[in-house]
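Hi everyone, thanks for coming. Let me put today's structure on the screen, and then we can walk through a few of its side chains together.

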Amino acid sequence: MLNSLYIKHQDLKEAAAVERRRQYEEARRQRIFNARRRVIGIDATALEHQVKEKHEIEQDALERRRKFEEEQRRQTQFLERKNREQKLLRHQLENEVNHFRSLYQRPEQSRDFDLFDPNGLKKSLPARVGDDDPRLSISGAQIFDGEDLTEKDRKRLQMQQQRSWLEQQIRDKRQAEQDQIAADKYLEEALEAREQRVHQLATEERNIRHKIQENVDQYNRHLMQQQEYERQQKQREDEEDNLAEIYNNLTSDMLTENPEVAISNLGPNRIIPYAYKGMSEAELEQIRIGQMQQKEEMERRRQEEQNNKEAWDQLANDFDRTVVLKDRELNQRRHQLAEQIRRENVQLSDEQQRKLAHMDQVVYQNRPTMAYFEQFNTTSR
C-alpha cells in the first residue's frame, strides 16, 4: 500500500514537471521568435525561472531524502519488533520444554532410574539381616567372605555407561546450540545485506542527481557566457554599422535607384539602410530556409529532451523494481530458512522416534520379570 501511494505521488510529480517544462518551452519559443526581445541581451526572466526551478529541484531532493530516512527508521523499528517477538517466542518455547520435562521426563519416570536412584539402597532390603535371617537357606550361599566379587567391574561399567550417556547429552546440546547460533547468524547476515543494498541504492541515486545538477549548472554558465559574448559582438557590430552609415551618408548618392548602391562595403550581407529598396526573391528564399532550419533544430532539441525524460523515467522504474525484487528475494530466503529448520526438526523427531522404538523392540526385548527372580530360594536344592 505504501509503495503504491509513493508511486502515485511520483507520477503526479513527473506530470507536473512535464507540464512545467512545456510551459517554459512555450515561453522561450515566444521570446526567441520575437525579434525585438531577442536582441536586447540576457534573458533575465529565463534566468529567474532557472533559479526557481533549481530551488524546486533542491526541495524535491530534500523531501525524497526525508522520505528515505523515514522509511529507514520504519524498517529499523520493524526489525527491532521482530527481534523482540522472536526472543519472546524462544523464551516461551523454552518454558514449554521445561514444563514438559517437569511433567513427563522426571528422573523417577526413566527406565533405568533404579540404577541411579539415590534412595535405592534405602528402599531395598539387604542380602541378609543378621546371621539368623529366616530368608537364608542351607544352599543359599549367602554367607561367604568376599561376597559380590564383581562389584568393582559392575560399578566401573555402570560409571562408563553413565559417562557415555552424559557425553552424548552434552554433544546433543552443543550441536543444538551451534545450529541455533548458525541460524541466527544467517538471519542477521541477510538483514544486514538488505540494509547495505538499500544504502547503496540511495547513494547511487544521490550521486546521479548530483551529476545531473552539475551538468545543468555547467550548461547555464556556458549559456550565460555565450549570451554575453553575443551581446558584446552585437554591440561592436552596431558601432561599426553606425560608423559605416555616417560614412556612407557623407560619401554616397541618396537619390540613386540602382540596387547595387545599397550593398555595403563591409560585407556581402551588409546593406545601406537609406539606399535599400527591398529584399530580392533569393534573399527571401534564404530567410525561409533559415527559418525551416531553426524549426528543425527546435524539434530536434524537443525530441532530445523527451528522450532524456523517458530515460530518467525508465531509471526510476528500474530502481523501484530492483528494490521490490530484493525485498521479495529476502522474504523468500527467510521462508526457505524457516522451512529448512522445520525439516531438520522433523528429521530429528523421526530419528528420536526410531531410537526409542529400537530401545523398546531390540534393547529391552528380553527384560527379566518378577517370575525370574522368584524362582530362586524356593527349594533346598
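Arg343 has a relative accessible area of 47%, so it is partly exposed (buried is under 20%, exposed over 50%, partly exposed in between, with a 1.4 Å probe and protein chains only). This is a predicted model, where local features need pLDDT of at least 70 and side-chain atom pairs count only at pLDDT 80 or more, while totals for chains, interfaces and linings use all residues. Residues are numbered from 1 along each chain as its sequence is written, and side-chain values use heavy atoms, with hydrogens and water left out.

Back to Arg343: its salt-bridge partner is Glu339, with the closest N and O atoms 3.8 Å apart. By salt bridge I mean a side-chain nitrogen of Lys or Arg within 4 Å of a carboxyl oxygen of Asp or Glu. Glu339 is partly exposed too, at 31%. Both residues sit in helix α7, four residues apart, about one turn of the helix (helices are DSSP runs of H or I, at least four residues; strands are E, at least two; numbering starts at the N terminus).

How many salt bridges does the structure hold? There are 23. One of them pairs Asp327 with Arg194, at 3.4 Å from N to O. This pair links distant parts of the chain, 133 residues apart: Asp327 is in helix α7 (residues 281-363) and Arg194 in helix α6. Asp327 is partly exposed at 29%, and Arg194 is partly exposed at 22%.
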